[in-house]
Amino acid sequence: MTLRKAEKKMEFVEKEMEFMQKCAELADGNVYCRQSSLVEKLLLDEVFTWDDVDNLNEHFNARHLINGNCNDCGARTEIDGDTELCKTCFKETWEDQEIYEWWVVSDWLREKLRDKGQAILENDYGAWWGRRTTGQAIKMDGVIREIAKELLESENTEKPL
Ligand SMILES: [Zn+2]
């Protein structure tokens, strides 16, 4: 391996470590505690209502947009990379996704998650993030990685050269 190649590899490893560190900081500093049983019970007893859950139908997945023809109506437009459907057709076929966990998170993270189309339950008693994954560390969640990546990018552009 040439010196230049070794340097490149080091740079890559450092970047990757910086990114993983950011994901961990984001999760550790903003995700407070899991209250799944509490929220589920209150929803079941109708103290809480599903109507108060924002983004229960996940937004059109802007992460995987590609240009192409919609699989259903055939319109040539931006389509979802997974389903190959345009926004309109996507909405018609989308079913509610299961929420596995409810978490209390910081106000800042809550609004970031809401912007990303994550389920947020908010009422007079508080606010909870409806997590659609389970069984892995929160810092590994796709949406957390996405927010961390954006944070890093904005930090790097703000830094003077
Ligand atoms: Zn369509």
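Helix 5 has 17 residues and spans 24 Å from its first C-alpha to its last, close to the 24 Å expected at 1.5 Å a residue. The model is predicted.

**Helix 5 and its neighbours**

Helix 5 covers residues 142-158. Its buried residues are Val143, Ile144, Glu146, Ile147, Ala148 and Leu152. These buried residues pack against helix 1 (3-30), helix 4 and strand 7 (126-131).

**The contact with helix 4**

Two packed helices are described by the angle between their axes and the distance between the axes. The axes of helix 4 (residues 107-115) and helix 5 come within 11 Å. They cross at roughly 105°. Angles of 65 to 115 degrees count as roughly perpendicular, so helix 4 and helix 5 are roughly perpendicular to each other.

| Element | Residues in the contact |
|---|---|
| Helix 4 | Trp108, Leu109, Lys112, Leu113 |
| Helix 5 | Val143, Ile144, Ile147, Leu151 |

Seven residues of this contact are nonpolar, none is polar and one is charged. Val143, Ile144 and Ile147 take part in the contact and are also among the buried residues of helix 5.

**Valine 105**

Valine 105 lies in strand 5 (residues 101-105). Its relative accessible area is 7%. Buried means under 20%, so valine 105 is buried. Leaving aside residues up to four places away in sequence, valine 105 touches Asn30, Val31, Tyr32, Arg110, Leu113 and Trp129. Of these, Leu113 also belongs to the helix 4 side of the contact with helix 5. The C-alpha atoms of valine 105 and glutamate 155 are separated by 22 Å, and the two residues are 50 residues apart along the chain.

Notes. Residues are numbered from 1 along each chain as its sequence is written. This is a predicted model: local features need pLDDT of at least 70, side-chain atom pairs count only at pLDDT 80 or more; totals for chains, interfaces and linings use all residues. Side-chain values use heavy atoms; hydrogens and water are left out. Axes are lines fitted to C-alpha atoms, for helices over the stretch in contact, and angles run from 0 to 180 degrees between N-to-C directions. Helices (H or I, at least four residues) and strands (E, at least two) are DSSP runs, numbered from the N terminus. Angles under 35 degrees count as roughly parallel, over 145 as roughly antiparallel, 65 to 115 as roughly perpendicular and the rest as oblique. Contact means heavy atoms within 4.5 Å. Ala, Val, Leu, Ile, Met, Phe, Trp, Tyr, Cys and Pro count as nonpolar, Asp, Glu, Lys and Arg as charged, and the others, Gly among them, as polar. The expected span of a helix is 1.5 Å times one less than its number of residues. Buried means under 20% relative accessible area, exposed over 50%, partly exposed in between (1.4 Å probe, protein chains only).
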